[in-house]
Every structure is written in structure tokens, then in C-alpha cells.
Amino acid sequence: ILEIDESGFVLAKGAEAEVPESIRKVWDSRLDRVIARCRSPKRARQTLELAAVLGQNPLQEDWEAVCAAADLEADPDVVDSLGREGLAKRRPRGWTFSHTLCREAIEAAAREQGRAEIWHSHCADHCLATFGLGAENAERHARHLLAAGRVEDALPRLLSAAESHARTGDFDRVEEMFARYDDALERLDRDTTKESLRSDLHRVRNSLFEARVDELEPILERAERMIAELQDDELLAEALFVRSRIHRHRGEMEQAVAPAEEALILFSGRDNKARVALLQRSLGELYRVLGRLKEAKASYTEARKMFRELGDEFQLGWCELGLASTEKQAGLSDSYIRHLEAAALAFEHSRSYRALGCAYNEKGEWLRLHGRIDDALEAYAEALRFLPASHSEVGVAEFNLALTEIAQDEWDSARAWLRRAKSSFDRQGRSGARIYVDLATAVCAAGQQKWEELELLLDRVVEPLQSRGFSNVDVASLLQLAGDLC
């Protein structure tokens, strides 16, 4: 219907061009042509709607699973038809919509036909079956739940998503999750005082990652007063858990134990296995750091049993990693390796790659302590590859790299890693971790015969470490090494 003249393309004489009412109409028209060529246009459209609901880059296994849940078949010919029109591209393990507007047009049509809520509900169920209640995929799960109209179910997932973003330092996304949470509360036709208080508690918990705990602690104090008036044991237990986390964040491990134990008692009498399991794991971490290894192993083992029953591979991995650390401190190498391998496998199954980075970090620490320095450096490099630069575990990996360099008398390189670790810890407000950085820096000072710096650093770290009762092989070995170098 076009011809060329001196000015370029023009409408041919006698031809009529139908101008679409909107961009959406353009996409609808292109998609209608593709779908009309399929063997079963109606079913093809529905499978495409499910793919669009999954997202811009659906994995083949996810698409097949949600189609099966809807009694449909993920037909590869549909994707090939889209590809011939330039609307889709194959990629490893799946495919992608070539244009965002194309996917959005398909999803919008599903909403208009009243099918979108059903499709999102299938996707939400698939998320839960595939990833469990792990925090890394909580935002995706919450998005599907909200779009499916399952608002009550979405609330705890939004809070988990906020914490996941806080751990990676993406605080704009944290605020976005809380904004969605507040919007979701407005959709509920009932009193939401308790849910608002729960949100406040999570805001304070997440402030630990942003070094804003002192600024937001008054929110916790106000929430504690309101919870006391409500006489709600479940919220009281959550407030106690947050108190424990604050103590732990400040390096006050002994003070962190009592509120966590009290929270566990309050939760144990309730039908909330996931929360009880999480508290058991948290107590395991506290007991382990304090050298109470028998109690640590018991807590981790109980938590692992509960998470296995819940089918939560993500949290199961963290329990295995905690058991690995406990066995390492007890000098039990064989069981340490067994638990570490189980942790890595659980993280891979739940596609929790940041957590997998933490497992590599733990593996590097074991290799370093056993003198396998080159292997340790390789493991730490893998850890940093999986961990985002702002993740709370990055400082630990950087610190461990410094210790590896110290073991090789590479003082300047060790100091460079220690500076990076200190920067990471400062950014996260982890004041308790700075003591370890100062201690390792003291070893560097001794190795370089910088006696005045050494004396200043030891004055700063020895008393706080002793007063906190830490039992840690690195603390003991660093103090011994600093003395030997003197």
C-alpha cells in the first residue's frame, strides 16, 4: 500500500490505511496473526498468557510446569511461530519475549478475559513448590500472589523480599517492598494493626543492614509498648527476636541469647513451624559463636528437621552450613565436609546463588585453616563471584582473603583486603566485626615491625574480645601469631 516518490514512502493512490487506536492494538494484531497459524489457537493463546505472566524470560521448565497445572501443554511450535515474527528468541534453558510491550499486551489480554488471576495463582504455587520459602525468590512469589488476589498470603513474602533486598544493600527496593505491603493492607477489609506492627518490626530488622538501627530503634520501642497493650504473644516473640538481632549486630552475643530463647518459648506453643525453625537456627548461630557447640548442634539439627518437613531447601541449606561451621570448630573434618556439601546442594536446588556464595566462603575458610592456600583463594574468588558487592557476607569473604594473605606473610596485600572488609562492615553498620579487622591489622603491623601501631591496635581489641567471651580459632591463632611475630 506504499510507493516511493521524491519525499520518500507515501500511501499509494486508492489505498486505505487503517491506523491503530494505540500501540497495544499493533501488538494485538501481530499476536493474533501468529496465534491463528497454531494448531489450537485458543490453547496456544493461553500457554502464551502463562509465559507472559511468568515474566520476560520464562524458563522452559517453569513454563511447562505452570502449563501442566492449568491442564495445558507448553508447545514449542508456539515459540517458533513467535520467533519467525521476531517476537521471541530462544536462549539456554528457555526463551525470551523480544519486546517488553509484546509480553505486556499478552498479559493485559489475559486480565481482560478474566484469566490472569488464575494464571498468577498457578505461578505462585509453582514458586512455592520450586523455591520453598527462601527469601531470594520472595519478591517474585509475592508478585504472583498479589496479582492472584491472595493478599493475605503475599504479606509475609513481601517482608521476606524486603529483607532479601536489605541483605544486598538495595534499600530503594526495600522501601518499594514496604510500600507494596502498605498498599496490600489497604486491600484488606479488616483491622490490620497487628500487620502494621509486624511491618515496623521488620523495618527495624532491615535497618541493621543499612547501619540505621540507632535511628530506627525508637520504632521498635513504640512497637514494644503497643504489643504489650495488645498482649499478643506472637508479636512479642517477634519483637524479642528483633532485640536479639540488634544485640548480635552490635557484637553483644551473650545479651542476644536470652531474648532469642524467650522468643522460642513463646513461638513453640503455636502452630508456626517456620518461625520456630528460624529461631532454632538463629540460636544455633549464637551458641556456635559463643563456643557452646553441643547446644549449637542441637539447635541446628532441630531446625534442619523442621525445614526438611516444610520442604524449604533454602533454609535447609543454612542449617547444613551452620552444622558445618560447628563441626569445624569441634575439629571434626569429615562431618564438616559432609554438611558443607549438603549445604551447597540445597542452595543449588533452591537456585539461591548468593547463599551458594556463602558456602564457598565457608569452604575457603576450611581450606585456609588446613594450609591449602591456593585452593582457599580459589574458593574465596568463587564466593565473591556469587555474592553482590553489597551483600552482608562480602565483608566476611574479604576478611578471609586477608587472613589467607597473612598466612603467606603477604602483609601489604592482606592490608588491602582488610581495608575492603572494613569498608564493607562499616557500610553495613557491623561495629562488632571491626574488632576482628583491627586484630588482623595488628598481625600485619607485627609482621612489618610497626610496633607503635601494633600497641595501639592491641589496646583496642584484646579487652573487648576477652569481655565478650569469644571462642574462635582465628582469634586465638591471630593473637598467638601477633605474639610470635613480636
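**A walk from Ser-199 to the cores**

Let's start at one residue: leaving aside residues up to four places away in sequence, Ser-199 touches Leu-159, Phe-178, Tyr-181 and Asp-182. Keep in mind that you're looking at a predicted model. You'll find Ser-199 in helix H10, which covers residues 193-207. Is Ser-199 buried or exposed? Its relative accessible area is 3%, and buried means under 20%, so Ser-199 counts as buried.

Now zoom out to the whole protein. Its secondary structure comes to 24 helices and 4 strands. The protein has 486 residues, and buried ones make up 50% of them. How about contacts along the chain? Take those with a separation of 6 or more: 61% of them are between residues 24 or more positions apart.

Next, head inside. The largest nonpolar core has 37 residues, and the ones with the most contacts inside it are Leu-321, Phe-347, Phe-399, Ile-406, Leu-418, Ala-440 and Cys-444. Several helices each supply at least two residues of this core, among them H16 (313-329), H19 (373-386) and H22 (431-447). Pick out Cys-444 and look around: not counting residues up to four places away in sequence, Cys-444 touches Ile-406, Trp-411, Ala-414, Arg-415 and Leu-418.

Key: Residues are numbered from 1 along each chain as its sequence is written. This is a predicted model: local features need pLDDT of at least 70, side-chain atom pairs count only at pLDDT 80 or more; totals for chains, interfaces and linings use all residues. Side-chain values use heavy atoms; hydrogens and water are left out. Buried means under 20% relative accessible area, exposed over 50%, partly exposed in between (1.4 Å probe, protein chains only). Contact means heavy atoms within 4.5 Å. A nonpolar core is a set of buried Ala, Val, Leu, Ile, Met, Phe, Trp, Tyr and Cys residues joined through side-chain atoms within 4.5 Å.
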